[in-house]
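Here is my note on this model, point by point. Please keep the structure open while reading.

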Amino acid sequence: MADRSRSLYTILAGLLHEKGRRLLKGVTSQNGIEAYRLLCADLAPNNRARLLALLNVITGWPTFDPKQGLANQVTKFENAIDEYERLSGDALHADLKLSTIMRCVTSQLRQHLNLAVDQN
């Protein structure tokens, strides 16, 4: 395991630039696993500003392009929601998801969805 950790450290040392290398130099004993953990923590912070930015992206989702597949665009939207929920630890309210989707779809599909929502 120690050999793999040193190998990972060597690979990271060859790939990283400036800030990453400074972070790498602070790791003792060429512990590549610890260096990787620190890099992940540094590059993907779990803080309130990131959550708010992600929520802003979700609520401001662009109108779906009718030239692209609807399923693919909805999947991207769902992935953004999943990331928000994973980072926040809270579920995004269903009404917020639905209202955002309703804003993003074409008027014909919106009418159909409104009927389906009213029936439930």
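**Notes on the predicted model**

1. Start with helix 5. Its buried residues are Gln 73, Phe 77, Ala 80, Ile 81, Tyr 84 and Leu 87. Around the axis they cover an arc of only 135°, so they sit on the same side of helix 5. The arc is taken over the directions from the helix axis to the C-beta atoms. Buried means under 20% relative accessible area, exposed means over 50%, and partly exposed is in between (1.4 Å probe, protein chains only). Helices are DSSP runs (H or I, at least four residues), numbered from the N terminus.

2. A word on conventions. This is a predicted model, in which local features need pLDDT of at least 70 and side-chain atom pairs count only at pLDDT 80 or more, while totals for chains, interfaces and linings use all residues. Residues are numbered from 1 along each chain as its sequence is written, and side-chain values use heavy atoms, with hydrogens and water left out.

3. What do the buried residues of helix 5 pack against? They pack against helix 4 and helix 6. Contact here is heavy atoms within 4.5 Å. The face turned away from the buried side of helix 5 carries the exposed residues Ala 71 and Arg 86.

4. The geometry of helix 5 is next. Helix 5 has 19 residues. From first C-alpha to last it reaches 27 Å, close to the 27 Å expected at 1.5 Å a residue. That expected span is 1.5 Å times one less than the number of residues. Gly 89 follows helix 5, and its phi is positive, near 80°.

5. Now the charged pairs. Side chains of opposite charge can pair when their charged atoms come close. The rule for a salt bridge is a side-chain nitrogen of Lys or Arg within 4 Å of a carboxyl oxygen of Asp or Glu. The count by this rule is five salt bridges.

6. Two of these pairs involve helix 5. Arg 50 forms a salt bridge with Glu 83, with the closest N and O atoms 2.4 Å apart. Arg 50 is in helix 4 (residues 48–59) and Glu 83 in helix 5 (residues 70–88), so the pair links distant parts of the chain, 33 residues apart. Arg 50 is partly exposed at 32% relative accessibility, and Glu 83 is partly exposed at 24%. Lys 97 and Glu 85 also meet in a salt bridge, at 3.4 Å from N to O. Lys 97 lies in helix 6 (residues 94–104) and Glu 85 in helix 5, so this pair ties together parts twelve residues apart in sequence. Lys 97 counts as partly exposed at 27%.

7. How far apart are the closest N and O atoms of Asp 42 and Lys 19? They are 3.4 Å apart, in a salt bridge. Asp 42 is partly exposed at 30%. Lys 19 is partly exposed at 49%.

8. Ser 5 lies in helix 1 (residues 2–15). Its relative accessible area is 7%, so Ser 5 is buried. The side chain of Ser 5 reaches the backbone nitrogen of Ile 33 at 3.5 Å. Leaving out residues up to four places away in sequence, Ser 5 touches Gln 30, Asn 31, Gly 32 and Ile 33.

9. Last, the cysteines. A disulfide requires a pair of cysteine sulfur atoms within 2.5 Å. The count by this rule is zero disulfides. Cys 104 is buried at 0% relative accessible area, whereas Cys 40 is partly exposed at 33%.

Technical notes. Helix = DSSP H or I, 4+ residues; strand = E, 2+ residues; numbered from the N terminus. Polar contact = N/O pair within 3.5 Å; in protein donor to acceptor, adjacent residues only side chain to side chain.
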